[in-house]
Amino acid sequence: MVDACVLIRTERGKYRDVVGKVKRIKAVQDAYPVLGRYDVVVHVSAKDSKELGRTVMKVSRMVGVVFTETLVEVER
Amino acid sequence: MVKACLLVKTTPVKGERVLEKVKKIKGVKKAFLAYGRADVVILVDTEKYEEVLNITSKVHEIDGVRSTETLIEAW
């Protein structure tokens, strides 16, 4: 399993439907709106780095998503 | 349930040790070493807001932690 945390900045007021849509993606464990420098935090848990990459691409291309930053787990 | 995501910057060598200590803190659902802007990412799941704050302060006490950024669930 590879985990990652995707931090999202959304268009104004769009965080609710971004969270709704992101939650439907298979590898997404959790997604919730946050306070701070980002609007939404997404916890992704994929079976391998390929699925992780696909999931992150899907999230970052969503309508309402303006900017994403992904922090990927270091596999040891 | 109140969730939060803590982004922790550690001094270069200390990442692993910080991770081990972080995993022992109550309320920490998942923690991992990360590539990118943060060295350790902590996913927290607690009953109350205050618990997130004392987890943040516990993380601050760990030797090797340089700074933390807390993204707390919006409501």
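Helices (H or I, at least four residues) and strands (E, at least two) are taken here as DSSP runs, numbered from the N terminus, and B:Thr56 is found in one such element, helix H2 of chain B. The model is a predicted one, in which local features need pLDDT of at least 70 and side-chain atom pairs count only at pLDDT 80 or more, while totals for chains, interfaces and linings use all residues. Residues are numbered from 1 along each chain as its sequence is written, chains are lettered from A and ligands numbered from 1 in the order in which they are written, and side-chain values use heavy atoms, with hydrogens and water left out.

Chain B contains 2 helices and 4 strands, and from the N terminus on its elements run β-α-β-β-α-β. The secondary structure of chain A likewise comes to 2 helices and 4 strands, with the pattern β-α-β-β-α-β along the sequence. The C-alpha trace of chain B spans about 35 × 20 × 15 Å along its principal axes, and that of chain A spans about 35 × 20 × 15 Å. The radius of gyration, taken over C-alpha atoms, was set against a globule rule of 2.2 Å times the number of residues to the power 0.38. For the 75 residues of chain B a compact globule would have a radius near 11 Å, and the value of 11 Å agrees; for the 76 residues of chain A the rule again gives a radius near 11 Å, with which the value of 12 Å agrees.

Residues were classed as buried under 20% relative accessible area, exposed over 50% and partly exposed in between (1.4 Å probe, protein chains only). By this criterion 49% of the 75 residues of chain B count as buried, and 51% of the 76 residues of chain A do. Accessible areas come from the Shrake-Rupley method with a 1.4 Å probe, and for residues only the protein chains shown count as cover. Chain B exposes about 3900 Å², of which carbon and sulfur atoms supply 57%, and chain A exposes about 4100 Å², of which these atoms supply 51%. With contact meaning heavy atoms within 4.5 Å, residues 24 or more positions apart account for 66% of the contacts in chain B with a separation of 6 or more, and the corresponding share in chain A is 69%.

Helix H2 of chain B (residues 49-61) has 13 residues and reaches 19 Å from its first C-alpha to its last, close to the 18 Å expected at 1.5 Å a residue, the expected span being 1.5 Å times one less than the number of residues. Its buried residues are B:Val52, B:Ile55, B:Thr56 and B:Val59. Seen down the axis of H2(B), these residues fall within an arc of 100 degrees and so line one face of the helix, the arc being that of the directions from the helix axis to the C-beta atoms. An α-helix has 3.6 residues a turn, so residues three or four places apart point the same way. The face turned away from the buried side of H2(B) carries the exposed residues B:Leu53 and B:Glu61. Cover for the buried residues of H2(B) includes strands E1 (2-10), E3 (40-46) and E4 (65-73) of chain B. B:Thr56, at 12% relative accessibility, counts as buried, and, residues up to four places away in sequence not being counted, B:Thr56 touches B:Leu6, B:Thr68 and B:Thr70.

In helix H1 of chain B, the buried residues are B:Gly15, B:Val18, B:Leu19 and B:Val22. They cover an arc of only 100 degrees around the axis, which puts them on the same side of H1(B). Their cover includes E1, E2, E3 and E4 of chain B.

A nonpolar core was defined as a set of buried Ala, Val, Leu, Ile, Met, Phe, Trp, Tyr and Cys residues joined through side-chain atoms within 4.5 Å. Of the 21 residues in the largest such core, B:Leu6, B:Val22, B:Val40, B:Ile42, B:Val44 and B:Val59 touch the most other members. The elements that give two or more residues to this core are E1, H1 (15-23), E2 (28-33), E3, H2 and E4 of chain B, and the largest share, 4 residues, comes from E1(B). Apart from it lies another core, of 20 residues, among them A:Val6, A:Val44, A:Val59 and A:Met62.

B:Cys5 has its place in strand E1 of chain B and, at 0% relative accessibility, counts as buried. Beyond residues up to four places away in sequence, B:Cys5 touches residues including A:Cys5, A:Leu7, A:Tyr32 and A:Val41 of chain A, and B:Val41, B:Ile42 and B:Leu43 of chain B. B:Cys5 and B:Val44 are 39 residues apart in sequence and 6.1 Å apart in space, C-alpha to C-alpha.
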